[in-house]
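Work through the exercises below with the sequence and the model side by side, and try each task before reading its solution.

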Amino acid sequence: MTTPHPSGDERYAAIDLTMKRFKYEKDALLEVLNAAQETFGYLSEDLLIYISQQLHLPLIRVYGVATFYHMFTFEPLGEHNAIVCTGTVCHVKGSDQIVKTIAEAFKIESGETTPDGFLSLTAARCIGSCGLAPVAVLDGKVMGKETPQGMLRRIEEMVSMSRRKQPVGSQS
């Protein structure tokens, strides 16, 4: 049985299990960061320090790896996440207009979350689906040959569905 993390946060146990599975090898850093992101939803400074200490790695190395990959985020994300590929092929095919349309409609910039925590907008350097350009990922679902209006319509549908699910008497 593992000792609980001093914070009392049971989510650390999932990270501990991942580290144990990889025998606390330094080469397991990427796997551990993935597990932490999945478990917590983002990588906090405290979490990076914890991983650094447990794997006996300098914090700068942990931070360097975490900042190198676009899949990691350092702030809590919104209830829904829109990731737009801005790689060369997607950019040539108009992904910048998808980002601009969503940003204007929700009054946020790429890398931000709406004040109500509903939507996070992220631009990724490359998603690796160039044949589907321009590509966007909405709540984990890859959408190829996307348009600004199509993406906006999907997000607005999510807004509408979320509001219908709110309990009676709650305000949005």
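Predicted model: local features only at pLDDT ≥ 70, side-chain atom pairs only at ≥ 80, totals over all residues.

**Exercise 1.** Among contacts between residues at least 6 apart in sequence, find what share joins residues at least 24 apart.

*Solution.* The next step is to ask which elements the chain contains: the protein has 7 helices and 5 strands, and from the N terminus on they run α-α-α-α-β-α-α-β-β-β-β-α.

**Exercise 2.** Describe the extent of the protein, its surface and its buried share.

*Solution.* Taken along the principal axes, the C-alpha atoms fill a box of roughly 50 × 45 × 20 Å. The accessible surface comes to about 10,500 Å², and 54% of this belongs to carbon and sulfur atoms. Counting as buried those residues under 20% relative accessible area, one finds that they make up 37% of the 172 residues.

**Exercise 3.** Determine how the buried residues of helix α6 are arranged around its axis.

*Solution.* Helix α6 covers residues 95-106, and its 12 residues reach 17 Å from the first C-alpha to the last, close to the 16 Å expected at 1.5 Å a residue. Within α6, the residues Ser95, Ile98, Val99, Ile102, Ala103 and Phe106 are buried. Seen down the axis of α6, these buried residues fall within an arc of 125°, so they line one face of the helix. An α-helix has 3.6 residues a turn, and therefore residues three or four places apart point the same way. After α6 comes Lys107, whose phi is positive, near 55°.

Notes. Residues numbered from 1 in each chain as written. Heavy atoms only, no water. Helix = DSSP H or I, 4+ residues; strand = E, 2+ residues; numbered from the N terminus. Expected span 1.5 Å × (residues − 1). Buried < 20%, exposed > 50% of the residue type's maximum accessible area, 1.4 Å probe, protein only. Arc of directions from axis to C-beta. Contact = heavy atoms within 4.5 Å. Areas by Shrake-Rupley, 256 points an atom, 1.4 Å probe, with all protein chains shown as cover.
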